[in-house]
Amino acid sequence: MTTVRIPPTLREQTGGQRELPAEGDTVRDLLDDLTSRFPALEDQLPFANVYVEGEDVRTLDGLETEVRPGSTVILLPAMAGGA
Amino acid sequence: MPTYRELLQQVRAEIAEIDAARGRELVDRGEAIIVDVREQDEWDEGHIPGAVHISRGNLESRIERAAPDPTQPVVLYCSVGNRSAFAAKTLEEMGYEDVVSLAGGFTDWKRNGHPVELHSGLDAPRRARYSRHLLIPEVGEQGQLRLLDSKVLLIGAGGLGSPASLYLAAAGVGRLGIVDADVVDESNLQRQIVHSTERLGEAKVESAKRTIEALNPDVQVVAYKERLTSENVERILADGWDVIVDGADNFPTRYLVNDASVWHGIPVVHGSIYRFEGQVTVFKPGAGPCYRCLFPTPPPPELAPSCAEGGVLGVLPGVIGSLQANEALKLALGIGEPLVGRLLLFDALSAEFNEVKLRRDPDCPVCGEHPTITDYIDYVEFCAGTREPA
């Protein structure tokens, strides 16, 4: 079980949850688990960066990046707001 | 009890003295630390080039900063060589091994035709205004002069631009450019603290200019009452900016700022906010990733609500905009570790900061090894998702 941090712009799709537990050994598994429970996330995820232990998974093994129980996983979509 | 004359004579007998000619040799060789122990007003009227100023009264507390190594040669001088004799005695007692006093002091130095550097530093009112900066070794007078000479461009005079511009102005950043096409609206005042109720309906750049100039007359505000576009960005950047503080409220402007900054080699202090959370980072061309390395493709508008649509806690831009000012000041001063390659995340509800690493993308279309975007594009269209990202 890994806890995934949900950014504010994705909380409408997750019933307002700030963090969600997810099952899986890789980032892909975690995201599949989340979208199976929160299908509205699916459209958003392609625009969100994923960080495991503070590292962008694009610089690791992408969606195949392994996660361990207790790993810190952060979803991060772009936010433009500044005003 | 010895008289002053007797005491001076006794001290001069115990310390080493050099004359102006020997002093000149040491100054030219550049190995010794030259310390002027006179008062500020004497220093201001001229001093030995390359000298540091530590008035006699501050000598014990500040010498270690100027001369951390007690084996390094130190030359002390004052106006005629008396105060520097006592100062030399003090430094010897503190353990400095190679201390000399310049006999005849600055007076003899000038009389012998050696070079004099006229003080071009802060005047008395500025020393008072920036006194808390002057006390910090990493800033000091040189740093403050650097700030007064620096030029920061703010994109947006809104939530982030308000605190950022106020703190940069208070810090004495000499020139602040502000780009914003909007007028002050009632819904802005819950967070945009550079404006006020009496400015409703006024152009934001004019309102910000008035507030900033009232706060600090040292700051020159350049107001651009326009939205940053591909058409005006070159004209605005041609005014010469050291740092850009990006507090825009939309994706097209974010990507435009990024591309322009990469091509001009200007660091961008990026901040963004939504509801209770904010992000800050520094995109420094050549030293770290750019905005496109982080977010190659903007989310479609329907998936990326703005603060106008989703709301924002009023104090949140205060936190994030202040962090942006902090980064901009560090970049202007050349101190500390700016947030290059690091994205700082702040969650106001949990009062937590998180940090993730950002890496340069070698395939980035703008800052990568083989860029495919080399001129301004239609950013509105790019962000509307009707055009595939390159």
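I'll start with L30(A), which lies in helix α1 of chain A, residues 27-37. Helices here are DSSP runs of H or I with at least four residues, strands are runs of E with at least two, and both are numbered from the N terminus. This is a predicted model, in which local features need pLDDT of at least 70, side-chain atom pairs count only at pLDDT 80 or more, and totals for chains, interfaces and linings use all residues. Residues are numbered from 1 along each chain as its sequence is written, and chains are lettered from A and ligands numbered from 1 in the order in which they are written.

Back to L30(A). Is L30(A) buried or exposed? L30(A) is buried, because 27 other C-beta atoms lie within 10 Å. The cut-offs are 20 or more other C-beta atoms within 10 Å for buried, 12 or fewer for exposed, and partly exposed in between, with C-beta atoms placed from the backbone. Leaving out residues up to four places away in sequence, L30(A) touches T2(A), V4(A), A22(A), G24(A), V67(A) and V73(A). Contact means that the C-beta atoms of two residues, placed from the backbone, lie within 7 Å. E66(A) is 36 residues from L30(A) along the chain, and their C-alpha atoms are separated by 10.0 Å.

Next, the contact between the chains. Chain A gives 19 residues to the contact and chain B gives 33 residues. On the side of chain A that touches chain B, β4 (55-56) and β5 (72-77) of chain A each supply at least two residues. That side of chain A divides into 10 nonpolar, 6 polar and 3 charged residues. Nonpolar here is Ala, Val, Leu, Ile, Met, Phe, Trp, Tyr, Cys and Pro; charged is Asp, Glu, Lys and Arg; the others, Gly among them, are polar.

Now chain B, which is divided into domain 1 (4-111) and domain 2 (131-384). The bounds come from an automatic or database domain assignment. The C-alpha centres of domain 1 and domain 2 of chain B lie 46 Å apart.

One sheet of chain B is open and has 5 strands in the order β1-β5-β4-β2-β3, with parallel pairing. Its edge strands are β1 (16-18) and β3 (52-53) of chain B, and each pairs on one side only. Two strands pair if DSSP finds at least two bridges between them. Between β1(B) and β5(B), residues 99-102, there are 3 bridges, and the two run parallel. E17(B) has S101(B) as its bridge partner in β5(B). Helix α5 of chain B, residues 83-93, lies across β4 (74-77) and β5 of chain B, at about 175 degrees to β5(B). For such angles, axes are lines fitted to C-alpha atoms, for helices over the stretch in contact, and the range is 0 to 180 degrees between N-to-C directions.

V11(B) sits in helix α1 of chain B, residues 4-14. V11(B) is partly exposed, with 17 other C-beta atoms within 10 Å. Apart from residues up to four places away in sequence, V11(B) touches A85(B), F86(B) and K89(B). From V11(B) to F86(B) is 75 residues in sequence and 6.6 Å in space, C-alpha to C-alpha.

The other sheet I will cover is an open one of 8 strands in chain B, ordered β8-β7-β6-β9-β10-β11-β12-β13, with mixed pairing. Why is one side of β8 (220-224) and of β13 (352-357) of chain B left without a neighbour in the sheet? Both stand at the edges and each has a single partner strand, so one side of each lacks a neighbour there. The twist averages 15 degrees from one strand to the next.

β7(B), residues 175-179, is joined to β8(B) by 5 bridges, and the strands run parallel. G177(B) has V222(B) as its bridge partner in β8(B). β6(B) is also joined to β7(B) by 5 bridges, running parallel. Of the 5 residues of β7(B), 4 are buried, so β7(B) is largely enclosed by the rest of the structure.

For β10(B), 7 of its 7 residues are buried. V268(B), H270(B), S272(B) and Y274(B) are on one side, and V269(B), G271(B) and I273(B) on the other. D246(B) stands opposite H270(B) in β10(B).
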